[in-house]
Amino acid sequence: MKKWMAGLAAALLCCCAATATAELKFDISVFENNPNYKVELDEMDDTGTIELNAESTILGSVEDDNGAVVGSVDIVFIEDMPPLMRMDLYYVGTEWVFTDNVILKLADRRYTFKANRNTSVSGGMIYEACALVLTDESIQLIKDMIDSNNFTVKMRLDGSKRKVDGSLDFDKEEVTRIYNDYVASGALENDFSLIKTVFPCTIK
């Protein structure tokens, strides 16, 4: 997690070295002392995470592949940046995908996320971890799930080695909870223009 945040922070700093920092809007009291969350903040550098106490909130199935996908939804803090809601997906299998983009489709709307990917090998299995950053635009995917009461989305891991198709099932109660609390915190009132530049998501 710290490696992911360090990489994101470095990328953002390259894009905004001359950009003045605006006052961030976020009411953390929505999450503090809330039994549904685990809040970890480093007061020395204003980084950290807010995680749901529930286990994996995303369970995936894949087609014509011996791998598996699991994941979670959380909120990450990076110094001087808006609190970011993200989806962390973990692919486990025997053949690399080298995921560059993750495509998610719900009803007639398709979201193509640039994937921030880390890879590792353990016990004869390969692991690909992809962080999908949600902005004030791409978070519409979560809202659409809630509004339609449909928490299953089509998925494609679009890699330089191959493509893996399947679906993701989101935990209705937990995903709805963190989305509603994130909105209530005022986080979406911040400026996400820089985040959208560094981690683009194409919506069609």
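Which residues do ring pairs link into a cluster?

## The aromatic cluster

Phe26, Phe31, Tyr37 and Phe77 are joined into a cluster by ring pairs. The model is a predicted one, in which local features need pLDDT of at least 70 and side-chain atom pairs count only at pLDDT 80 or more, while totals for chains, interfaces and linings use all residues. Residues are numbered from 1 along each chain as its sequence is written, and side-chain values use heavy atoms, with hydrogens and water left out.

A search of the whole structure finds five aromatic pairs. Rings of Phe, Tyr and Trp (its six-membered ring) pair if their centres lie within 6.5 Å; planes under 30 degrees apart count as stacked, over 60 as edge-to-face and the rest as tilted. The ring centres of Phe26 and Phe77 lie 5.3 Å apart with the planes at 75°, so this pair is edge-to-face. Phe26 stands in the loop between helix 1 (2-15) and strand 1 (37-42), and Phe77 stands in strand 4 (residues 68-77); the pair links distant parts of the chain, 51 residues apart. Helices (H or I, at least four residues) and strands (E, at least two) are DSSP runs, numbered from the N terminus.

Phe26 is partly exposed, with a relative accessible area of 22%, whereas Phe77 counts as buried at 10% relative accessibility. Here buried means under 20% relative accessible area, exposed over 50%, and partly exposed in between (1.4 Å probe, protein chains only). The rings of Phe31 and Tyr37 have centres 4.9 Å apart and planes at 75°, so they too form an edge-to-face pair. Phe31 and Tyr37 are both buried.

## Salt bridges around Arg162

The whole structure holds 14 salt bridges, each defined as a side-chain nitrogen of Lys or Arg within 4 Å of a carboxyl oxygen of Asp or Glu. One of them joins the side chains of Asp65 and Arg162, at 2.6 Å from N to O. Asp65 is in the loop between strand 3 (58-62) and strand 4, and Arg162 is in the loop between strand 10 (152-159) and strand 11 (163-170), so that distant parts of the chain, 97 residues apart, are linked. Asp65 and Arg162 are both buried.

Arg162 also forms a salt bridge with Glu95, and the closest N and O atoms are 3.7 Å apart. Because Glu95 lies in the loop between strand 5 (84-93) and strand 6 (99-106) and Arg162 in the loop between strand 10 and strand 11, this pair ties together parts that are 67 residues apart in sequence. Glu95 is partly exposed, at a relative accessible area of 38%, while Arg162 has 18% relative accessibility and therefore counts as buried.

The side chains of Lys196 and Asp136 meet in a salt bridge of 3.3 Å, N to O. Lys196 lies in helix 4 (residues 193-198) and Asp136 in the loop between strand 9 (125-134) and helix 2 (140-148), so the pair ties together parts that are 60 residues apart in sequence. Lys196 is partly exposed, with a relative accessible area of 25%, and Asp136 is partly exposed as well, with 34%.

## A positive surface patch

Lys105, Arg110, Lys154 and Lys204 form a positive surface patch. Patches are made of residues with over 30% relative accessible area and no salt bridge, and like charges are joined within 9 Å. Lys204 is found in the segment after strand 12 (201-203), and this residue counts as exposed at 63% relative accessibility.

Methods. Patch = residues over 30% accessible without salt bridge, like charges linked within 9 Å, V, L, I, M, F, W, Y side chains within 5 Å. Areas by Shrake-Rupley, 256 points an atom, 1.4 Å probe, with all protein chains shown as cover. Lys, Arg positive; Asp, Glu negative; His and termini not counted. Charge placed at Lys NZ, Arg CZ, Asp CG, Glu CD.
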